[in-house]
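Here is a short briefing on one protein model. Look over the sequence and the fold, then read on.

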Amino acid sequence: MTAPKTPHSPGSDKTGGAPATTETKGTERRVLSRLPLPERTFVLDALRAETVGGVLLLVAAIAALLWANTPLSDSYETVRDFHIGPSSLGLDLSLQHWAADGLLAIFFFVAGIELKRELVAGELRDPKAAALPVVAALCGMIAPALVYVVINTTSGGSLDGWAVPTATDIAFALAVLAVIGTSLPSALRAFLLTLAVVDDLFAILIIAVFFTSDLNFAALGGAVAGLALFWFLLRQNVRGWYVYVPLALAIWGLMYNSGVHATIAGVAMGLMLRCTRREGEEHSPGEHIEHQVRPLSAGFAVPMFALFSAGVAVSGGAMRDVFTQPETLGVVLGLVVGKTVGIFGGTWLTARFTRAKLNEDLAWADLFAVSALAGIGFTVSLLIGELAFEGDARLTDEVKAAVLAGSLIAALLATVLLKLRVRKYQAMVEAEERDDDLSGIPDVYEVDDPEHHRRLADIYERKAAEHRRLAEETGAARTNGDRPA
């Protein structure tokens, strides 16, 4: 099956990327404008995979909650705490630990590739276009942290969990969209995806800087040497999974034993892959590997992490504590209020001070709804919660319950807001996908192409000729039928 042809448009190149959220028309810049066709194709493919993964993630989370809140809860704890692995290598870990430090390294490897692609071939390549999602993501992390800090400072709670409500889970957010049957226009979907990529970058930095334990410099040096060898082999165009998979496992093991969170190894390797296409390449190495690894990440690694991390006991008393204790209340309000206000406010202020105008097909209410959707902070929030309160099992479970509650409230709020505009979104998506000239390219991308209008003229002329023929036949039949026998 061959890929559809793509038009040669300003701003697109062989990398397949272009600024997605702003466009220049004279001196006027637009916020959340329509995506260039190559970028739209990439975004739709990426989000389609994320949506499937998000549904699996949702199923795994529900399964964990059911398992942990039934008479089988003892078996859940037994399985979750079962240890396996070579103790001589410092890797005798519980299954929950393997999921958090091992399987999530695959998730962060894919996140590293996505970030690299955005930096060299996507929206983050252009500093002007990158300003909007970067500022929005940064404000969307600062505001929740501030909400948490204010609540816990005034109420005497622990400040250790300030980073828990700062993360957005794009897969879970897309699963919510799939469940409620709402399809967003490509500009909003691209904004959400880029926001999540930048969000992941800051989350990675938080994990690396604030959740690094005592360093083992020998192991850290070995991990750095392994990464250098990984980079060298890539630059020498050495191929073969049998080379890179054992090397990646060695780097991961050394990084884990160094005291730096092991998921950082996945990010570092993802960032090293080349994500630009060379002459004759249909896909860059980064795109090719991401296509192969993403199903493993979205279909197995992240759902398994959810299965072993989301199983917290839920009762009336536990849920009451979520909304009364400062640590848990800070997480809930950080996700629901902090995320929404931070992302929306950061975007509005950026547009205000850069004199950019919102895409005329959208309204600020649309951005507010997407900002609320970004308050779903599941996977990385659960991970940071485990790291922040390590050693305090009770508070860890309570914070997990707060993440689940906050994400659920954010999902319900976003559902209501998005449903209010669902007809508008359906019309926009239909317009983006219409291909009346049957060229394989949506018509909105061909309005400046003379051949597009010639194809439409030919189609309409054939239809007109057919209708004239039918008119003559039905007219003749009616005339003959009216004649007396």
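**Two loop residues and the overall fold**

Asn237 sits in the loop that joins helix H7 (217–235) to helix H8 (241–258). Helices here are DSSP runs of H or I with at least four residues, strands are runs of E with at least two, and both are numbered from the N terminus. This is a predicted model, in which local features need pLDDT of at least 70, side-chain atom pairs count only at pLDDT 80 or more, and totals for chains, interfaces and linings use all residues. Residues are numbered from 1 along each chain as its sequence is written, and side-chain values use heavy atoms, without hydrogens and water.

**Backbone**
- Most residues other than glycine have a negative phi.
- Asn237 is not a glycine, yet its phi is positive, about 60°.
- Asn237 is partly exposed at 45% relative accessible area (buried is under 20%, exposed over 50%, partly exposed in between; 1.4 Å probe, protein chains only).
- Leu438 also has a positive phi of about 60° without being a glycine.
- Leu438 lies in the loop between helix H16 (422–433) and helix H17 (450–482).
- Leu438 counts as exposed, with 70% relative accessibility.

**Whole protein**
- The protein has 17 helices and five strands.
- Of its 485 residues, 51% are buried.
- Among contacts (heavy atoms within 4.5 Å) with a separation of 6 or more, 77% join residues 24 or more positions apart.
- The protein exposes about 22,900 Å², an area from the Shrake-Rupley method with a 1.4 Å probe.
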